Amino acid sequence: MFLSIATTHRPATDLGFLLHKHPGRVHETELPFGKAHVFYPQVGEDRCEAALMLDVDPVGLVRGKGRGDGLLDQYVNDRPYAASSFLSVALARALRTAMTGTSRERPELAQSAIPLEAVVTPLPARGGEALVRQLFEPLGWTVDVEGVAGADGAPSRYVTLRLSATARLRDLLNHLYVLIPVLDDDKHYWVGDDEVEKLMRRGEGWLEAHPARDLIVRRYLIHRKALARDALERLAPETRDEAVDPAERKPGAEDALEAPLRLNDERMAAVAEALRASGAKAIADLGCGEGKLLQRLVRERWVERLIGVDAAARDLEWAAKRLKLHLAGGPPEGRVTLLHGSVTYRDRRWEDVDAAALVEVIEHLDADRLPALQKVVFGAAGPRTVVVTTPNAEYNALFPNLTAGAFRHPDHRFEWTRAQFRAWAEGVASAHGYTVAYDDIGKRDETLGAPTQMAVFTRAG
């Protein structure tokens, strides 16, 4: 397995100071399972490249150090050849100081963003190119993925990954340390409590806000639920209740406010009717959560195909239970698909739908992320119909337990007035070739309007 890191920062030879490895020598590090070699294929003022090559001892792996399920698995596997948790261990041993972002000779440079290129091959990608992009692109990397053909020339699950960006070297190394075993979805050693500490340390400053945070945590901790729950609670304390079955959860602040109005029922009914009136047969529920809208739509005969997309893996698990996917009495195979993903990153898996719904989603995004959502939903995908609902901030004055200026939910980043929502919707429609119509959901106050506002976008022409 092979990792190379290059820079065009001038002088590029400063890479040696950042890696703490002299460009004129070959550096060797002993590992429990083999050796790591660091050397420089290219050294120059304009470009400098360092390579880490891992030489895994396949015999040593069989001596009680593997996680194989049996003797055959121990002998017949890709561990000596494919980039995996072995490479992460090698990074931590051979480039430990570089990962901390310190350099005695170049301290300011170690904390600076410089042009970087990285290549990892062969990299197991259990989830394909879409998952590779889902993991690295939100971190600012330009991603190029090239498939590695199998022995018979057929496609394999291995890829060559190329990353490029202007970034700190320590960030690159820590991203690779965490995400390489996530792509492999396995580890070669026992995973215990100390792995949570490693994840917290290596993920500091970027993992808590990553749209695929839940997936990363679960895969990194090889799906050990107790460890994953601990890690997620430390990264995002507000997710603590997500481990509880939705039927057993206490109502949240927003649910408690809206329950007397039966607003959620009215909202689902209004969105379902707007989708039916559009003539859509294939529908994506973006930010589907626990699958309440999907559960309503799956009962409708006019709906042929449903896709639910959410960034919270645990909510998708509950949605699968709610919908009885792959169980007797559930929908036919292929009629409902649940996808782990973010609405702010392009995902071709749902781009062919007739309609998309964003039910109480946009207010959970920071305002500076809305242009990315618009580009993905209205630009790249561009379904014929898009239905968006969001709270009407003016109506909040009528909730007796809501203080002035407070939001209905602690995770809301904003709540818009009717004028603000219409200004946003008109701008989106104009920029992407849609017309837009508005409707109220819930009991309407003559002065303050209805509690929920809805916009139905229809592609012009």
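Two rings of Phe, Tyr or Trp (for Trp, the six-membered ring) count as a pair if their centres lie within 6.5 Å; planes under 30 degrees apart are called stacked, over 60 edge-to-face, and the rest tilted. With that in hand, let's look at the rings here. This is a predicted model, where local features need pLDDT of at least 70 and side-chain atom pairs count only at pLDDT 80 or more, while totals for chains, interfaces and linings use all residues. Residues are numbered from 1 along each chain as its sequence is written, and side-chain values use heavy atoms, leaving out hydrogens and water.

Searching the whole structure gives 10 aromatic pairs. Two of them are set out below.

| Pair | Kind | Centre to centre | Between the planes |
|---|---|---|---|
| F421 and W424 | stacked | 6.1 Å | 20 degrees |
| Y434 and F457 | edge-to-face | 6.4 Å | 90 degrees |

Where do F421 and W424 lie? Both are in helix 17 (residues 418–432), 3 residues apart, about one turn of the helix. Helices here are DSSP runs (H or I, at least four residues), as are strands (E, at least two), numbered from the N terminus. By contrast, Y434 in strand 13 (residues 434–441) and F457 in strand 14 (residues 452–459) are 23 residues apart, so their pair links distant parts of the chain.

F421 is buried, at 1% relative accessible area, and W424 is buried at 10%. Buried means under 20% relative accessible area, exposed over 50%, and partly exposed in between (1.4 Å probe, protein chains only).

One aromatic cluster is formed by F378, F414, W416, F421, W424, Y434, Y438 and F457.
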